[in-house]
Amino acid sequence: MSTRLAKGGRLIDRSAALEFSFNGKRLKGYRGDTLAAALLANDQMLVGRSFKYHRPRGIVAAGPEEPNALVNLGSGGRLEPNQRTTVTELFDGLEATSQNHWPSLEFDVGVVNSYVSRFLPAGFYYKTFIHPRPFWKHVFEPVIRQSAGLGKAPKDRDADRYEQAYAFCDLLVVGGGIAGLQAALVAGKAGARVLLLEQNAHWGGRAPVDGDVIDGKPAGVWVDEAVAALSGMENVTLRARCMAAGVYDHGYVLADEKVADHTPGDGRPKHRLWRIRAGKILTATGAIERPLSFAGNDIPGVMLASAVRDYVVNWAVSPGDRTVVVTNNDDGYRTAIALREAGLAVPAIVDARANPAGDLVAKARALGLRIEAGRGIAKVKGGKRVTSVAICLQAGEGAVIDEIACDAVAMSGGWSPVVHLWSHCGGKLIWDTEHACFRPDPARPPLNHDGGALVVAAGAANGAMKANAALADATTQAEAAVTALGMKPKKAKAPVAETAAEGPMEAVWIMPQGASVELKSKMWLDYQNDVKVSDVQLAAREGYESVEHTKRYTTLGMATDQGKLSNINGLAVLAQALNEDIPQVGTTTFRPPYTPVTLGALAGEARGEIFQPLRRTPMHAWHEKNGAYFEPVGLWRRPYCFPRAGETHEQAVHREVVNTRERLGLLDASTLGKIIVKGPDAGRFLDMLYTGVMSTLPVGKCRYGLMCNEQGFLSDDGVVARIDEETWLCHTTSGGADRIHAWMEDWLQCEWWDWQVYTANVTEQYAQVAVVGPNARKVLEKLGGMDVSKEALPFMAWADGTLGGVKVRVYRISFSGELSYEIAVPASHGAAFWEALHEAGAEFGAMPYGTEALHVMRAEKGFIMIGDETDGTVIPQDLNLDWAISKKKADFLGKRGQQRNFLARADRWKLVGFETLDGSVIPDGAYIVAPGVNANGQGNTQGRVTSTYFSPTLKKGIAMGLLLRGPERMGEVVEFNTVKGGTVKARVVDPVFYDKEGEKQNV
Amino acid sequence: MSEPVSALNGAVSEGFATIREIGPLGMVTLRCKADVKALPKAIKAAVGTGVPAVRRIVVEGDRACGWMSPDEYLLVMPYAAVPAVLDAVAQAMGKEHHLAVDVSDARAVFRVEGAKAEQVLAKLSPVDFARLEPGELRRTRAAQVAAAFWREGDGFTVVCFRSVARYVFDLLATSAKPGSELS
Amino acid sequence: MLLLECPYCGVKAEETELSPGYEAHLKRFGPGSTDEEFEAYMFARKNPKGVHFERWRHSYGCGKWFLAARCTATLEVFGTYPAQVGEPPADIIEKIKARRPDWKGYK
């Protein structure tokens, strides 16, 4: 059984007992524990079930590479699935539950998959669920979806908050082990701005656990001193609990700081996502131990040797009373020695090497430990817990020589440098034969903006596995990095570590090397996804040669741990099966994030009210107070209608239309784009920008204009007013202002930079109100201050003045067909002016109206709307707007595009109006059917509806749309398809349904 | 005539830094190339400062002139002084090609104050504050919208568009929540 | 995420402060041009794996368009320069030639 030892534990505080629960059981731990350590201390080795076979799963590792010990953490608004217990800091009241089992962790029905495992080989899904085709959607997929996924997505709103922050540094050092600390010391002393990140809560990495001695001091003391020295440097920032997730172009790094995971509910942000820009990045990310592939290596109690050592030394937890160590290298002996020194039994060290030799081997011998050289594990026995191991000759086929009773197995297959961050931006790897691992190739680093190396690796992450080599490497790499940054490193000697002389390791990919198929189908590579040696070999037999394909076919390395333990072993097995060298087979691609980053951190502050910016007009508060129903228009929120008590939105829109046509409507038109264009060349510039002529517009007058892109397609429209000799004011569509302003600046800066024109986007300087209806003039006359008569201010003119004491600019323009004034006032007076209009207009029947009434009224008048009648493939000619296109101008933006033959053809879909024969409203988006079918067997079409409404004025459905040769087909009846099936008949008519002569707007 | 009302009517939020909406504040966009002879005179007449260097703002009492782009300057003044400033610019510039336009109401202005004011902005803008120079006017984005700011007194003055004033205020207030200090 | 220095205001702007404008040094063809010329202007783009010239706008900063010479494969930036030029500046051409001896030129 696993238990808490009476003494030791460098990271725990025995005076601070904490209570937590696992699957409802109340358990105790200490401050400084990880959840995994505390579970082991309570003899909870079984923590989950595997994904495919629902095999019992125990804790394997002690760090972020853990594939098995994933739990649901917390509950309600703080529920987080798939949390790795090995990196979860224990806190009082922590609640955890195990995942992927039913009905319980101890008894799981899904385990039946395990008994049929030989029927569930690699690629099972691909092979099985392909026929019959129609079954996929309705049978296979729903069933597979039921069993898919590890853990359950939380249902409640996240109770925590998250944030992001930007940081900048010369050198980013990732990893707070001895290599990272030493690199930071070198760079810090050279005066570089250094940011040092460590994913754990504590500094120092493995060195204190391994008992290294640095400069004559225990590693832990050296680490404390280094941290103290760095904390004292103003140019160095240290951040613990901060995991560098990804390295991106030009030194951009994302790092996830777990600010309050261990203190939930204390009011601090749970995580903070750092968006770092570094001059250079030094990765001192260490190495991860590899498992060994022997039969039964997935049984709870089989752990990484380094993890066993971590639990004993860091948390005073023994994973078992009797631990067999199995290794192919000397480092595994450290675990045997640590266990023995903690008073625990090590019945045997099973060493695959024939002649192990070295200081650690000698020390183990001296301690009287039994060493089985040239041996391997034939099989681990046990169900939910290891009971014994059967040992065999490593060189043989697995005949059992001896069986050793034990309750834990510590395995060491050698170490793989953590090369993820090196690789994210394209750093290449080379095969290190001595350590049987990939390590960064210094000749092919990821590149920075200047073509130099963006990332340098140091220490174990660079293949310098032993403390002494790691410190020397960190010193060299950091010195080179700061030199490349243009700084001078201070001359100083690298610290010296006393290191045990180690014998060479021996690459062991399968144990024993001649294992039978039966044994190989019990050798797990990927514990979480249940990928075994036999699966990879099967993939190779079926023709998979690329490691990337094999990964996807077998799902090796595709679990939440992304193959941190399984990748190298898996590709070694693949290489063997393909009879190729490992470097030739290569690795899969390392992609960010290094370990999962919660979505909350990626969203940062962007949630709730500030999920995205809402643009509000100066009258927004009034609209809210008066019950407006809003709709988004770009980022603006505009009132769609102002429903009264008991009214539907439809009824409100009808009321607003009728009231505006008969009495007086007020529209908040502040969102309309307003751009000032001024200069000696402004007229010439606008003549290029608009299809019509703006240079001839007299001062004091307005003119409707169209803008096209260079392809000739209609892009925006609006009324242009000539302000003075050199100044025009261009109105754009709501939401089009920024785009059109950028469009103007693009041409002025990049094409006609010698033209003297300045622009300014003054959209938000003004609140704008459309005063519309037969009583419009009356209310303005009542406010008083300027002459708004037909004579003084005729249709399509504008004037400056005051109304009700407010400085205004009044445009006589109409988008509804009624007598209409659009009045611009400084935004800071917008709300007051709007209220004054309502007050003065009360006796004339003033009512606010929203965007839907606006749309209905403009459709009744046959006015087009950008985005309804246009979709980026429509030219003005399609909309019968030839009158707004100058024939005389030699050039304007879009002119050449419109001359392309397919746009100049007569058989385009062109704008007409439609009236249904039965008075109904044509469905939005309906197409006009045509006889026959196209090449794909779909019905032919000859047009589509672009705007369709019920007209409260005409009391029937009206529509505009594009129809093949439309204007030539007046009076013809065509059919629109409907959502329910079938068609609706409509007559082709003039798109101007209301007041064709324009008498009402000209009064 | 009604009194001018700023976008949030002087909203305040207290956190580890204080966020205050100020204004209405007079602001004029002056577009003019830097080599126009009349420019220094126009700026002097308008706000009493010299021509700011690239990316700088020159503050002179309650007036200022900031460099916005190679042919754009931001003139800051009391709200009521805008018409006089526009007149002064027009007079000084004469027939020179330029554009001066009142943008006071198109903007919202905030003060972010306190010893850790910088940390509030460091959460929202991709700006290296350690390298922000004295008198620097930085145009950038705050989360998802355009913003400009400069160091002034015990903190920063932040300018954004009026329509997103509430969004920016909420951003600043959220970033300044107690317990979320960066150091 | 790219970092490009705006040649107008000197800010080392990150990509989120910029707007992309695609290929630089295109010649506009208007009315009177042939279909081939117009097609080349509108649609034919180089899209090289290697040295490329691009338009970028410092949209969250000074608002100016500038041009950048960079390698699309390694993301090495050879330089940025104002947009008011007909062709890349000589010093940037020289720098590219030094860094990429096989480069065939920008045309």
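Which residues of chain A do ring pairs link into a cluster? The views below are taken from a predicted model, in which local features need pLDDT of at least 70, side-chain atom pairs count only at pLDDT 80 or more, and totals for chains, interfaces and linings use all residues. Residues are numbered from 1 along each chain as its sequence is written, chains are lettered from A in the order in which they are written, and side-chain values use heavy atoms, with hydrogens and water left out.

**View 1. An aromatic cluster in chain A.** Ring pairs link F685(A), W743(A), W747(A), W752(A) and W755(A). Rings of Phe, Tyr and Trp (its six-membered ring) pair if their centres lie within 6.5 Å; planes under 30 degrees apart count as stacked, over 60 as edge-to-face and the rest as tilted. Over all chains, the structure holds 22 aromatic pairs.

**View 2. The ring pair F149(B) and F156(B).** The ring centres are 6.0 Å apart and the planes stand at 90 degrees, so this pair is edge-to-face. F149(B) is buried, at 1% relative accessibility. F156(B) is buried too, at 2%. Buried means under 20% relative accessible area, exposed over 50%, and partly exposed in between (1.4 Å probe, protein chains only).

**View 3. Charges over rings.** In chain A, R661(A) lies over the face of Y994(A), at 4.0 Å from the ring centre. In chain C, the charged end of K27(C) sits over the ring of F29(C), 5.1 Å from its centre. A charge sits over a ring if NZ of Lys or CZ of Arg is within 6 Å of the ring centre and within 35 degrees of the ring normal.

View 4. T550(A) is placed in helix 15 of chain A, residues 547–554. Helices (H or I, at least four residues) and strands (E, at least two) are DSSP runs, numbered from the N terminus. T550(A) counts as buried, at 2% relative accessibility. Leaving aside residues up to four places away in sequence, T550(A) touches V536(A), A539(A), Y544(A), T555(A) and L574(A). Contact means heavy atoms within 4.5 Å.

**View 5. Chain A as the setting.** Chain A has 27 helices and 52 strands. Its C-alpha trace spans about 115 × 70 × 55 Å along the principal axes. Of the 1003 residues in chain A, 60% are buried. Among contacts between residues at least 6 apart in sequence, 65% join residues at least 24 apart.
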